[in-house]
Amino acid sequence: MANYLLIESRDPWESSDTSSWLELAASLAREGNTVSFFLVQNGVLPARRSAKSAGLTALAKAGVEVLADEFSLRERGIDAGRLADGIKVAAIDVVVDQLAAGRKVIWH
Amino acid sequence: MDKKTLTFVLMDAPYENSRTTTAFRLIDSALRKGHDVKVFAYEGAVALSFARQAQHPNAVHGRDAAQEDHPNPKEWIVALQQAAAQSGSKLEWMNCGLCVDERGVGEVVAGVTRGSPVDLWKWSEASDNTLVIATR
């Protein structure tokens with residue numbers, strides 16, 4: 001089994017292919033891989049409780065670590081208290097740490 | 001912390017997408033953690049290091065160039081080079097030569113080199129990990 005970090009930078013209201021990225025993360029976790037899902041830029045928009053946040057909460061319940069970039073949240077005025085269940089605030093250092101640890105890191 | 005070598009592959013032209021900002025944040029974080037970083041810029045990203053980038057006034061808001069203080073990515077690259085020197089890490093920045101020639105952006109800030117996709121392959125082989133930040 002492998003360790004993955006999937007980075008989502010796209011806004012689901014603008015890019016319909018974000019749902020495929022969610023499904024990829026869920027599939028990797030189902031297969032027994034360790035998976036983190038890092039939201040950055042407009043990718044953090046569904047982290048706020050909304051019509052598009054259920055998929056992220058479901059991902060967290062499936063064992064995927066779902067993280068939202070603190071800087072991107074702050075840029076968009078999204079307070080940590082408004083995040084959907086299962087989503088944690090993280091610094092971008094997480095990506096560097098996981099790259100250094102040898103995770104397979106894929107940008108979307 | 002073990003020092004690692006990380007390669008970042010950038011494709012976006014400057015002034016267009018927040019992917020560039022995120023890439024600079026990642027590179028900055030890696031350098032401050034003491035990792036060695038290699039950056040291979042291709043397509044529009046080769047213009048990030050173009051030496052003739054210049055600040056400009058903002059007539060709409062009535063500000064001169066100094067007041068506007070418009071940031072240019074070539075200065076961010078120099079700042080990353082300085083961050084590397086302070087942390088004892090190494091930053092190598094290489095532009096795809098063909099991409100540079102196509103765009104006429106061969107005048108670059110000090111420390112930036114030119115190469116080919118073969119060099120990217122060699123860098124990736126020699127690195128502990130590689131992140132490709134592609135455009136759509």
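**Chain B and its contact with chain A**

Trainee: How many residues does chain B bring to the contact with chain A?

Mentor: Keep in mind that this is a predicted model. The contact draws on both chains, and chain A gives twelve residues. From chain B come 17 residues.

Trainee: Which element of chain B gives the most to the side that touches chain A?

Mentor: Two elements of chain B, strand 5 (129-133) and helix 1 (18-32), each supply at least two residues there. By class, that side of chain B has five charged, five polar and seven nonpolar residues. The element that gives the most, with seven residues, is helix 1 of chain B.

Trainee: What is the order of the strands in the open sheet of chain B?

Mentor: The sheet has five strands with parallel pairing. Strand 4 (112-115) and strand 5 of chain B are the edge strands, each pairing on one side only.

Trainee: Which residue is the bridge partner of B:Val9 in strand 2 of chain B?

Mentor: Strand 1 (residues 5-10) and strand 2 (residues 36-41) of chain B run parallel and are joined by six bridges. In strand 2 of chain B, B:Val9 has as its bridge partner B:Phe40.

Trainee: What angle does helix 1 of chain B make with strand 1 of chain B?

Mentor: Helix 1 of chain B packs on the sheet, where it touches strands 1, 2, 3 (91-96) and 5 of chain B. The direction of this helix makes an angle with that of strand 1 of chain B of about 170 degrees.

Trainee: Which element gives the largest share of the largest nonpolar core?

Mentor: That core has 64 residues, and B:Phe8 and B:Ile27 are among those with the most contacts inside it. B:Phe8 touches several residues, including B:Ala23, B:Leu26 and B:Ile27. The largest share of the core, five residues, comes from helix 1 of chain B.

Trainee: What is the radius of gyration of chain B?

Mentor: The C-alpha atoms of chain B fill a box of roughly 50 × 35 × 30 Å along the principal axes. For 136 residues, a compact globule would have a radius of gyration near 14 Å. The value for chain B agrees with this: 15 Å.

Key: Residues are numbered from 1 along each chain as its sequence is written. Chains are lettered from A and ligands numbered from 1 in the order in which they are written. This is a predicted model: local features need pLDDT of at least 70, side-chain atom pairs count only at pLDDT 80 or more; totals for chains, interfaces and linings use all residues. Two residues are in contact if their C-beta atoms, placed from the backbone, lie within 7 Å. Helices (H or I, at least four residues) and strands (E, at least two) are DSSP runs, numbered from the N terminus. Ala, Val, Leu, Ile, Met, Phe, Trp, Tyr, Cys and Pro count as nonpolar, Asp, Glu, Lys and Arg as charged, and the others, Gly among them, as polar. Two strands pair if DSSP finds at least two bridges between them. Axes are lines fitted to C-alpha atoms, for helices over the stretch in contact, and angles run from 0 to 180 degrees between N-to-C directions. A nonpolar core is a set of buried Ala, Val, Leu, Ile, Met, Phe, Trp, Tyr and Cys residues joined through C-beta atoms within 7 Å. A residue is buried if 20 or more other C-beta atoms lie within 10 Å of its own, exposed if 12 or fewer, and partly exposed in between; C-beta atoms are placed from the backbone. The radius of gyration is taken over C-alpha atoms; the globule rule is 2.2 Å times the number of residues to the power 0.38. Lists of a residue's contacts leave out its neighbours within four places in sequence.
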